[in-house]
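Take a look at the model below.

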Amino acid sequence: MLCARLIQGFSTGGEYAGAMTFIAESTPDKKRGFMASGLEVGTLAGYILGAGLVTALTYGLGTETMHDWGWRVPFLIAGPMGMIGLYLRNQLEESPAFAAMEEKIEEMGRKPHISMKELFQFHRRSLLLCLVLVFFYNVIDYTVLTYMPSHLTAVLGYGETKGLLLILIVMFIMIPIVLAMGYFADQVGNKRIIQVSLIGVIVLSIPSFLLIGEGSNWQVFFGLLILGTLLSSIKGTMTSLLPSLFFTEVRYGGLAIAYNISASLFGGTAPLLISWLISMTANRLMPAYYLIFASAIGIVVVTLFLKSTSGKPLRGSPPAVADEEEIKEVLEETDRVLWWSEEKHQIEAKIEEADKGKIG
């Protein structure tokens, strides 16, 4: 079961990076935030279906029966859904941006793919930046959506069904917020949305957990809703931002590697680490402190090293427009269209220097 769960996790992480890449490369630049936020709507819908099914089974079968054999039912239902997903995945063609890049590379007589060594050698900055972004994103995500049901049950003494039900309601509310944040990211910039969200996590995490710790259903709900709203703001922008960190030829590979490493090290371990911290300190605010710690690192890195990419072409990609009216605007703003050109020249110079060293 452990091996199967690990394989499932690695597979999901790889496909998630692929889905982000495909959507980002297939949508107009000025609508990328809104369109990509739909990926997180699908993720939340999956969480809701999964958690809803577990809640219904736990309520109907009872905890003992659920532990005995009921836990197998969600896996049996998910099997056929996985086959449908596999069929849909096999029918997908490459995105227009990637197809154009491959055609151009073949015309130049260069190899279409780069090695892992070259990825780490020439795109190290993008990889490190992605690692940090995924770090705080997954810490907040796993804490709010994965850890909180256990916190409500094991730490605060709520029944399993009640805790899951509160999380389900919050996730339903998060869906329109995610779409709204994706839309606003296209208008004001994804960097700004993330900065405001991280400041919100730093300021409101402790008040939220104080509300949750009061025990009243409404207070717990509003505490969870505050955290869910802040998480939604990050979810609505991150799916369009992460693919923009990499150039087209390394986008899928670089994003998949950085995302999975960071998610495994920091996201997946967040519930375990928080539980351990609470057991060691007997402090129920430890989850809030961990969220503040992750967000503080995030706000520094985002502010100092991240460029807003909303409304701009992806690194290494030509502009993607929604209608003919945008073409004139693109032709008049070449500096904005080719905002990544200097960075590309620097990478190509490093590659050329390395090639000369090999020859020498």
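## A loop residue

Is Ala282 buried or exposed? At 68% relative accessibility, Ala282 counts as exposed. Buried means under 20% relative accessible area, exposed means over 50%, and partly exposed lies in between, with a 1.4 Å probe and protein chains only. Ala282 sits in the loop between α12 (270-281) and α13 (286-305). Helices here are DSSP runs (H or I, at least four residues), numbered from the N terminus.

Ala282 is not a glycine, yet its phi is positive, about 60°. Most residues other than glycine have a negative phi.

## About the model

This is a predicted model, in which local features need pLDDT of at least 70, side-chain atom pairs count only at pLDDT 80 or more, and totals for chains, interfaces and linings use all residues. Residues are numbered from 1 along each chain as its sequence is written, and side-chain values use heavy atoms, with hydrogens and water left out.

## Two helix pairs

Two packed helices are described by the angle between their axes and the distance between the axes. Axes are lines fitted to C-alpha atoms, for helices over the stretch in contact, and angles run from 0 to 180 degrees between N-to-C directions. Start with helix α2 (residues 32-61) and helix α4 (residues 72-91). Their axes come within 10 Å and cross at roughly 140°. So α2 is oblique to α4. Angles under 35 degrees count as roughly parallel, over 145 as roughly antiparallel, 65 to 115 as roughly perpendicular, and the rest as oblique. Leu53, Val54 and Leu57 of α2 meet Val73, Pro74 and Ile77 of α4. Contact means heavy atoms within 4.5 Å. By class, this contact of α2 with α4 has 6 nonpolar, no polar and no charged residues. Ala, Val, Leu, Ile, Met, Phe, Trp, Tyr, Cys and Pro count as nonpolar; Asp, Glu, Lys and Arg count as charged; the others, Gly among them, count as polar.

Now take α7 and helix α11 (residues 251-267). Their axes come within 8 Å and cross at roughly 45°. That makes α7 oblique to α11. Residues of α7 in the contact include Leu127, Cys130 and Tyr142, and those of α11 include Gly254, Ala258 and Phe266. The contact of α7 with α11 divides into 14 nonpolar, 4 polar and no charged residues.

## The cores

A nonpolar core is a set of buried Ala, Val, Leu, Ile, Met, Phe, Trp, Tyr and Cys residues joined through side-chain atoms within 4.5 Å. The largest core has 71 residues, and Leu133, Phe136, Met171, Ile212, Leu224, Met238 and Leu242 touch the most other members. Helix α7 (residues 124-155) gives this core its largest share, 15 residues. Beyond four places in sequence, the contacts of Leu224 are Met148, Leu152, Leu166, Ile167, Val170 and Ile212. Another core lies apart, with 6 residues, among them Phe247, Trp339, Trp340 and Ala354.

## Two buried residues

Trp340 lies in the loop between α15 (334-337) and α16 (341-359). Trp340 counts as buried, at 12% relative accessibility. Leaving aside neighbours within four places in sequence, Trp340 is in contact with Phe247, Pro313, Leu314, Arg315, Gly316 and Ser317. Trp340 and Lys312 are 28 residues apart along the chain, and their C-alpha atoms are separated by 9.7 Å.

Gln195 lies in helix α9 (residues 190-213). Gln195 counts as buried too, at 19% relative accessibility. Not counting residues up to four places away in sequence, Gln195 touches Ile299, Val302 and Thr303.
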